[in-house]
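Here are some exercises to work through with the model open beside you. Try each task before reading its solution.

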Amino acid sequence: MQFERQSGVFLHLTSLPGPHGIGDLGAGARAFVDFLDRADQSLWQFCPLGPTASIHGNSPYQSSSAFAGNSLLIDLRDLTDRGYLTEADTEPPDDFSGQQVNYDRVTEFKEARLRDAYAAFEESASDADQQSFTEFCEREAGWLDDYALFTALKAEFDDAGWMDWPDDIRTREPAAMERYQDDLADDIRYHKFVQWCFDSQWQALADYAAERDIGLVGDLPIYVGLDSADVWAYPEVFRLDDDHHPAEVAGVPPNPGDDGQRWGNPVYDWDALRANDYGWWVDRFERLFDLVDIARIDHFKGFDEFWSIPAEADDPAAGQWRDGPGAHFFETVRDRLGELPFFVEDLGFLDESIVALRDEFGFPGMRVPQYADWCEEGHMYQPMHYPESAVGYTSTHDTDTIVGYYRDLADRQQDCLHYNLGTDGDEINWDLIEAVWNSNAIVAMTTMQDLLGLGSDTRFNVPGTATGNWQWRVTDTALDADIAERLRRVTDRTIR
């Protein structure tokens with residue numbers, strides 16, 4: 001087991017405090033690191049960091065790039081300190097909320113400021129910044145060149161998906177690529193500038209966390225969005241037809257009580273990837289681990305076997321299971337990159353083959369008490385039965401908060417929970433935090449909402465819904481010293 005007995009808190013970057021309507025990589029992020037430090041926590045977990053779009057409900061799990069950073073997270077005050085914006089530029093509008101993210105309003109505000117900062121950079125960048133920018137562009141050219149061109153083309157074609165672009169650039173004919181690179185050169189450079197801002201600010205924040213012995217836990221969605229730079233630039237990685245449209249898409253099969261799900265992401269051509277030693281994935285992991293110390297793999301089942309649905313079919317039941325790359329994939333990647341510090345999301349798919357794959361590489365799986373049957377003796381999601389090879393979560397970005405979950409729990413389940421935890425439920429959030437922290441799980445995680453004892457109105461995401469998600473924010477005052485101290489005592493008592 002490559003992990004130590006430790007603990008941490010989940011809080012996505014957009015939820016951080018800050019003046020510009022959304023969390024960013026500036027003072028609010030450092031304030032949260034300081035909170036974790038006071039609470040004696042060693043891990044900070046968050047959702048994927050890639051660009052988001054309103055057409056996908058601003059979900060961090062439907063990004064236009066598996067490599068790029070979200071420009072909305074850039075700290076504008078840092079650009080003021082560098083001389084690329086004025087104090088007046090970063091004065092926040094009165095309609096920005098400290099409790100909810102209005103993505104459309106924030107995007108409008110930040111995009112205008114980033115354009116102004118780019119113009120100032122082009123006019124007056126210091127030698128050090130010019131050199132840093134050049135080095136970044138050269139170092140990250142493998143993904144950055146395609147991403148910057150892709151994003152410039154999106155604007156050129158009124159945000160149309162690449163599948164609807166003119167045929168020559170949709171299929172990346174060399175003459176079209178050269179023509180658009182020339183025509184859109186300034187816009188391409190702007191998008192590279194934005195990514196340089198994100199990267200330099202991220203590295204400064206990562207250094208700040210490392211100085212306090214706090215590891216960063218990122219998130220790796222197994223699939224990428226169809227309308228992404230990745231699918232456009234690397235069609236050979238995916239199961240596409242001759243016209244570069246998806247031949248098959250991802251989802252999950254029907255189960256008792258539901259009709260399955262058709263996610264619509266293109267599935268991978270694992271045979272082609274294997275023939276190239278999984279080069280695209282190795283590049284993706286290298287970029288990921290430039291940014292984080294540990295990563296959670298979402299939908300780990302897809303590496304064992306995946307549900308593949310014909311693209312023309314609307315019914316998930318039309319799909320079939322196909323073999324994933326299995327152990328060969330992780331062996332190959334490990335040979336290239338060394339030990340792989342992964343947690344894996346294995347909820348709902350604990351069949352024999354996925355357990356064997358998970359355990360072969362020592363990847364801890366997930367345990368969440370909200371999935372427990374409290375009246376069944378020895379139920380695997382009761383914290384007192386978590387194995388060491390697990391990450392115990394009080395709740396996740398996709399579940400209700402503890403308080404919301406408890407309020408909706410059937411009376412008999414509540415009674416059994418009270419009996420199992422020896423509680424009356426008055427502080428159910430701390431009861432379950434203590435239970436997870438006291439479990440054998442190698443890592444224990446909670447959310448900021450659970451630390452604050454908040455209800456369902458602060459839930460971060462409701463799977464299957466398109467609106468109202470990813471909006472909740474924590475305020476400066478909620479990063480309370482008394483809460484940090486209480487979590488520190490629980491952590492010390494449970495030897496994490």
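**Exercise 1. The largest cavity**

Task: Find how much space lies in the largest cavity, and which residues lie closest to its centre.

Solution. Start with the volume: about 290 Å³ of space lies in the largest cavity. Next, look at the lining, which has 24 residues; Pro-48, Leu-49, Gly-50, Ser-65 and Ala-66 are the closest to the centre. Then turn to the elements: strand 3 (215-221) and helix 11 (279-291) each supply at least two lining residues.

On a 1 Å grid over the protein atoms alone, a cavity is a set of points where a 1.4 Å probe fits but cannot get out, a pocket is an open set with protein on both sides within 12 Å along at least five of seven lines, and lining residues have an atom within 4 Å of a point. Grid points are joined across faces, edges and corners, and the volume is the space filled by probe spheres set on the points. Helices (H or I, at least four residues) and strands (E, at least two) are DSSP runs, numbered from the N terminus.

A word on the source: this is a predicted model, in which local features need pLDDT of at least 70 and side-chain atom pairs count only at pLDDT 80 or more, while totals for chains, interfaces and linings use all residues. Residues are numbered from 1 along each chain as its sequence is written, and side-chain values use heavy atoms, with hydrogens and water left out.

**Exercise 2. The largest pocket**

Task: Work out which element gives the most to the lining of the largest pocket.

Solution. First, the space: the largest pocket holds about 1,400 Å³. Of its 38 lining residues, Gln-261, Trp-263, Asp-398, Pro-463 and Gly-464 lie nearest the centre. Two or more lining residues come from strand 5 (261-266) and from strand 6 (294-298). Strand 5 gives the most, with four residues.

**Exercise 3. Strand 1 and its partners**

Task: Decide whether the residues of strand 1 are buried or exposed, then find the strands that pair with strand 1.

Solution. Begin with accessibility, where buried means under 20% relative accessible area, exposed over 50%, and partly exposed in between (1.4 Å probe, protein chains only). Five of the five residues of strand 1 (residues 6-10) are buried, so this strand is largely enclosed by the rest of the structure. Now sort the residues by direction: Gln-6, Gly-8 and Phe-10 point one way, whereas Ser-7 and Val-9 point the other way.

For pairing, DSSP must find at least two bridges between two strands. Strand 12 (residues 443-447) pairs with strand 1 in the parallel sense over five bridges, and Met-445 is the bridge partner of Gly-8. Strand 2 (residues 43-45) also runs parallel to strand 1, joined by three bridges; here Phe-10 stands opposite Gln-45.

Last, follow the chain: strand 1, helix 1 (residues 27-38) and strand 2 make a right-handed β-α-β unit. Right-handed means that, with the strands pointing away from the viewer, the path from the first strand over the helix to the second runs clockwise.

**Exercise 4. Positive phi**

Solution. Phi of Asp-40 is near 60°, a positive value in a residue other than glycine.
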